[in-house]
Amino acid sequence: MANLAIDAVKGMTYDAIVIGSGISGGWAAKELTGHGLKTLVLERGKDVKHIKDYPTTTTNPWEFEHRNQLTLDVKKDNPIISKCYAFYEGTEHFL
Amino acid sequence: MNRRVVIRNMALAVTGLVLLPGCDLSTKKAVAHELQPYLSPSQEGLLAQVVDTIIPATDTPGAKDLNVHLFVQKMVTDCYEKEAQENLVNGLEALKTKAKKAHGKAFDACSTAERIALLRGMEQSGEAMEQEFYKLVKGLTVQGYMSSEYVMMNLTHYEAVPGHYYGCVPVNSKTLS
């Protein structure tokens, strides 16, 4: 049988789409799937492993080269996320 | 192994080696100024004198002792637009000229009062460039000084996790009555 793309729309249609798997998004997705809804979770960036991927947790403020300010290069390369309050020198490694 | 398979695998491996460097997704870039400082040694020395005039050494270290001038330069290089970078250079050059004109000597040969007067002249200057220069340098000097390890550890007593709760402390009988 040939590969016909007749189920593509169905395959890409979801009951719920959760954007961001933070504390709210993660729980929302869990509840949605738990109730049998076909759920898509969208998350940006790499897979963050607990403890291992928090290299800046105990970094002192003076140890940040730019005292937690974003460099112009980072801002230019990431114009949208740079507007977020939670994106700074100590968190830019989560990109 | 089949010779045909071996050849195909070798071809794939070579193609992979050629293509892989293009797949480098890391966004780390070399910081330009580490390779090429954009302030000349004399400008950097002058900047050190300026930050040290703004926050001089008293019973606490001055801004120069805490390398605040390097912080100012780093911030302007990495975090500020080109206009600010040019402004820093032009402002330092203007300061050099002003010191020569007003006192007939270099800024670092001037007395503290003369230096303060020169910087105040920049701050209250009618020229926007000079005002901007002083605002930029003063702002970054204060920021760099206040967020330095010395100040945060010894003067403002930084605690990563503030508000420790001491659950068990001896009670002085005097404070009870």
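At what angle do helix H4 (residues 68-79) of chain B and helix H7 (residues 128-146) of chain B pack, and how far apart are their axes? In this predicted model, the angle between H4(B) and H7(B) is about 120°, and their axes are 9 Å apart. Angles over 145 degrees count as roughly antiparallel and those from 65 to 115 as roughly perpendicular; H4(B) and H7(B) are therefore oblique to each other. The crossing in which H4(B) passes H7(B) is right-handed. On the H4(B) side, the residues that take part are B:Val68, B:Phe71, B:Val72 and B:Met75, and they meet B:Val137, B:Leu140, B:Thr141, B:Gly144 and B:Tyr145 of H7(B). By class, this contact of H4(B) with H7(B) comprises 7 nonpolar and 2 polar residues, with no charged ones.

H7(B) also takes part in a packing with H6(B). The axes of H6(B) and H7(B) come within 7 Å of each other and cross at roughly 120°. The pair H6(B) and H7(B) is therefore oblique as well. From H6(B), the residues B:Leu119, B:Met122 and B:Glu123 meet B:Glu130, B:Gln131, B:Phe133 and B:Tyr134 of H7(B). The contact of H6(B) with H7(B) divides into 4 nonpolar, 1 polar and 2 charged residues.

Chain B contains 9 helices and 0 strands, and its pattern along the sequence reads α-α-α-α-α-α-α-α-α. Chain B has 177 residues, of which 25% count as buried. Among the contacts in chain B with a separation of 6 or more, 57% are between residues 24 or more positions apart.

B:Leu66 is located in the loop between helix H3 (41-54) and H4 of chain B. Is B:Leu66 buried or exposed? A residue is buried if 20 or more other C-beta atoms lie within 10 Å of its own; B:Leu66 has 22 such neighbours and therefore counts as buried. Leaving aside residues up to four places away in sequence, B:Leu66 touches B:Pro61, B:Tyr145, B:Ser148 and B:Tyr150. One of these partners, B:Tyr145, is also among the residues of H7(B) that meet H4(B). The C-alpha atoms of B:Leu66 and B:Gly163, which are 97 residues apart along the chain, are separated by 28 Å.

B:Ala113 is exposed, because 8 other C-beta atoms lie within 10 Å of its own. Between the C-alpha atoms of B:Ala113 and B:Thr53, 60 residues apart along the chain, the separation is 9.4 Å.

Chain B also meets a partner chain. How many residues of chain B are in contact with chain A? The contact involves 14 residues of chain B and 12 residues of chain A. On the side of chain B that touches chain A, the elements giving two or more residues are H4 and helix H8 (149-155). H4(B) supplies the largest share of that side, 4 residues. The side of chain B that touches chain A is made up of 5 nonpolar, 4 polar and 5 charged residues.

For chain A, the domain assignment gives domain 1 (1-43) and domain 2 (48-95). Taken over C-alpha atoms, the centres of domain 1 and domain 2 of chain A are 30 Å apart.

A:Arg67 is placed in the loop between strand E2 (39-42) and helix H3 (72-77) of chain A, while B:His157 is in the loop between H8 and helix H9 (173-176) of chain B. With 20 C-beta neighbours inside 10 Å, A:Arg67 counts as buried. B:His157, with 9 C-beta neighbours inside 10 Å, counts as exposed.

Technical notes: Residues are numbered from 1 along each chain as its sequence is written. Chains are lettered from A and ligands numbered from 1 in the order in which they are written. This is a predicted model: local features need pLDDT of at least 70, side-chain atom pairs count only at pLDDT 80 or more; totals for chains, interfaces and linings use all residues. A residue is buried if 20 or more other C-beta atoms lie within 10 Å of its own, exposed if 12 or fewer, and partly exposed in between; C-beta atoms are placed from the backbone. Two residues are in contact if their C-beta atoms, placed from the backbone, lie within 7 Å. Domain bounds come from an automatic or database domain assignment. Axes are lines fitted to C-alpha atoms, for helices over the stretch in contact, and angles run from 0 to 180 degrees between N-to-C directions. Angles under 35 degrees count as roughly parallel, over 145 as roughly antiparallel, 65 to 115 as roughly perpendicular and the rest as oblique. A crossing is left-handed if the near helix is turned anticlockwise from the far one by less than a right angle, and right-handed if clockwise. Ala, Val, Leu, Ile, Met, Phe, Trp, Tyr, Cys and Pro count as nonpolar, Asp, Glu, Lys and Arg as charged, and the others, Gly among them, as polar.
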